Amino acid sequence: MSKVTEINHPLILHKLAIIRDKNTGSKEFREVVEEISTLMAYEVTRDLPMEDVDIETPVAIAHCKTITGKKLAIVPILRAGIGMVDGMLKLVPAAKVGHIGLYRDESTLQPVEYFCKLPKDIEERDVIVVDPMLATGGSAVDAIHMLKKRGAKSIKFVGLVAAPEGIKVLSEKHPDVDIFIASIDEKLNENGYIVPGLGDAGDRLFGTK
């Protein structure tokens, strides 16, 4: 089964409270989502491979560690996932960015694919799939299936808020994909929204209804 990490750092929890607030406007919502994404990137990249190097300081030779040339790709699930990309890129600016377009059919709650554009060497990259919400899990499951179909082998999922139901579905369908979440909330309601959640992340990011 997937390894599930709830990143409950005080700074993340504080910023999460801001974006949960229904009175937080789109500008502040976007800025804080980006800030949380940067903070989460520290934990998500904790296991990047390292190599030993000798560095000449002004005083002596220092035995140091640097990240090996492992390639990364950040793949947001459109459209809300876009809000997390810049925050991640602040720490890993050399990462390539792909895009997967899925929307949820309001009657069936099932994801429908409409767009997929990935780096050509996606099979050689560690892929970080980002989406603020992990609700039913359907979009994440389908997005990761699309990535695997195109050759991706090393995949992590990063979200801000998740329902236990979504985590269960994703970990059962893709047990090789580790899951990183800022908060695991109580449940899904009858409309498929996370409770207490933060509303529709896409609408709040982009000011749409």
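I take buried as under 20% relative accessible area, exposed as over 50%, and partly exposed as in between, with a 1.4 Å probe on protein chains only. The model is predicted, so I keep local features at pLDDT of at least 70 and side-chain atom pairs at pLDDT 80 or more, while totals for chains, interfaces and linings use all residues. Residues are numbered from 1 along each chain as its sequence is written, and side-chain values use heavy atoms, without hydrogens and water.

**Salt bridges**

I looked for a side-chain nitrogen of Lys or Arg within 4 Å of a carboxyl oxygen of Asp or Glu. That rule gives 14 salt bridges. Arg-46 pairs with Glu-43, closest N and O atoms 3.1 Å apart. Arg-46 is exposed because its relative accessible area is 62%. Glu-43, at 25%, is partly exposed.

Next I checked Glu-31 and Lys-27, which meet at 2.7 Å, N to O. Both sit in helix α2, four residues apart, about one turn of the helix. I take helices (H or I, at least four residues) and strands (E, at least two) from DSSP runs, numbered from the N terminus. Glu-31 is partly exposed at 37%; Lys-27 is exposed at 57%.

Arg-125 and Asp-121 bridge at 2.8 Å. Both are buried. Shared partners join Lys-71, Asp-121, Glu-124 and Arg-125 into one salt-bridge network.

**Nonpolar cores**

I define a core as buried Ala, Val, Leu, Ile, Met, Phe, Trp, Tyr and Cys residues joined through side-chain atoms within 4.5 Å. The largest has 35 residues, and Val-158 is among those with the most contacts inside it. Helix α2 gives the most, seven residues. I then listed contacts of Val-158 (heavy atoms within 4.5 Å). Leaving out residues up to four places away in sequence, they include Met-40, Met-84, Ile-128 and Phe-180. Apart from this core lies another of 25 residues, among them Val-75 and Phe-157.

**Binding site**

UniProt, in an unreviewed entry, places "binding site" at Ile-194, Gly-199, Asp-200 and Ala-201. Ile-194, Gly-199, Asp-200 and Ala-201 are in the lining of the largest pocket. On a 1 Å grid over the protein atoms alone, a pocket is an open set of points where a 1.4 Å probe fits, with protein on both sides within 12 Å along at least five of seven lines; lining residues have an atom within 4 Å of a point. Such annotations may be inferred rather than shown by experiment.

Is Ala-201 buried or exposed? Ala-201 is buried, because its relative accessibility is 4%. Ala-201 lies in helix α6. Beyond four places in sequence, Ala-201 contacts Phe-29, Ala-80, Pro-132 and Met-133. Gly-199 is in the loop between β13 and α6, partly exposed at 39%.
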